[in-house]
Amino acid sequence: MCQRYSIRLKFTETSLKLNPLTEITFFLTFGAKTMSNQWNSGIHDRKLKEEICEIGRRVYNKGFAAANDGNISIRVGENEVLCSPTMICKGFMKPDDICAVDLDGNQIAGTRKRTSEILLHLAIMKERPDVKAVVHCHPPHATAFAVAREPIPQCVLPEVEVFMGEVPMAPYETPGGQKFADTVVPFLKGGTNTIILTGHGTVTFGKSLEDAYWKTEILDAYCNILLLSKQLGRVTYFTENETRELLDLKKKLGFDDKEGIPQQKSFEPAPSYPGYLSKPSTQATPATNNGDSDQLIKAITDQVMSALGK
């Protein structure tokens, strides 16, 4: 039996009551459009399924997920989430492979079984209503930090300070269960959008699939730069003033950092040198007397030869 919708539109002092056919047409046109704007078109949205596949191809082609690694999801309703299935290479997914779950993890659509790690995605979405999409994978440089259990240092690269900010490290837990999913919950307050999963990989999230994926790219590129810089010698940190300027820029761009000034957490601390307007150090290296040096070398040589019995 079809439900009748009664809609009353008020124009100043005149009220207009629509007939049933007009009321239903109005609802389908405007009511459904409003829901679509918030949640797209639900679990049957072919375009969103294709977007999940596209993000999967990027993840695979960048080397962020080998074989069947990683998983991708997007929220499409109050209680509906599209996600990648288990045991599938993210570089070769098709729209028909994508499945759907509710916020408790129960599968509600799709011919393939949902990934067990969807619980991680759902924990983030339930804690953070602003999050619409989640990408979990194993980008090699960032995962190296996860395996070494080395925190990601801050105050090094402008793009990271502005677009990413704090990168917490969730404790290790066997992947796949609710305990694993719950490891990230304490780190979700304060606007965090990127988390290192100790001994496992990374999870990034945002307002769209592309937004969530970009954070993975930024993080892995940053970790690669850190490792290369360490090989060259040291990582140099921004000064407090330089960091404050970046935080001001972040606010102007709409990426407010609620945690305040980031603190250095790993790698050796930045060296302290006089500013370029300051006078250089006046201490000079003592000059070496060539004559004294030659005499010292001769004395050492004589002692060595005597000890050898020559």
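1. **Ground rules.** Because the model is predicted, local features need pLDDT of at least 70 and side-chain atom pairs count only at pLDDT 80 or more, while totals for chains, interfaces and linings use all residues. Residues are numbered from 1 along each chain as its sequence is written, and side-chain values use heavy atoms, with hydrogens and water left out.

2. **The sheet.** Strands are DSSP E runs of at least two residues, and helices are H or I runs of at least four, numbered from the N terminus; two strands pair if DSSP finds at least two bridges between them.

3. **One pair up close.** β3 (residues 71-75) and β7 (residues 133-137) pair in the antiparallel sense over four bridges. Look for I72 opposite V135 in β7.

4. **The cores.** A nonpolar core is a set of buried Ala, Val, Leu, Ile, Met, Phe, Trp, Tyr and Cys residues joined through side-chain atoms within 4.5 Å; buried means under 20% relative accessible area, exposed over 50%, partly exposed in between (1.4 Å probe, protein chains only). The largest has 23 residues, and I124 and I195 are among those with the most contacts inside it. Its largest share, seven residues, comes from α3.

5. **Helix α5.** F163 is found in helix α5 (residues 158-163), and counts as partly exposed because its relative accessibility is 37%.
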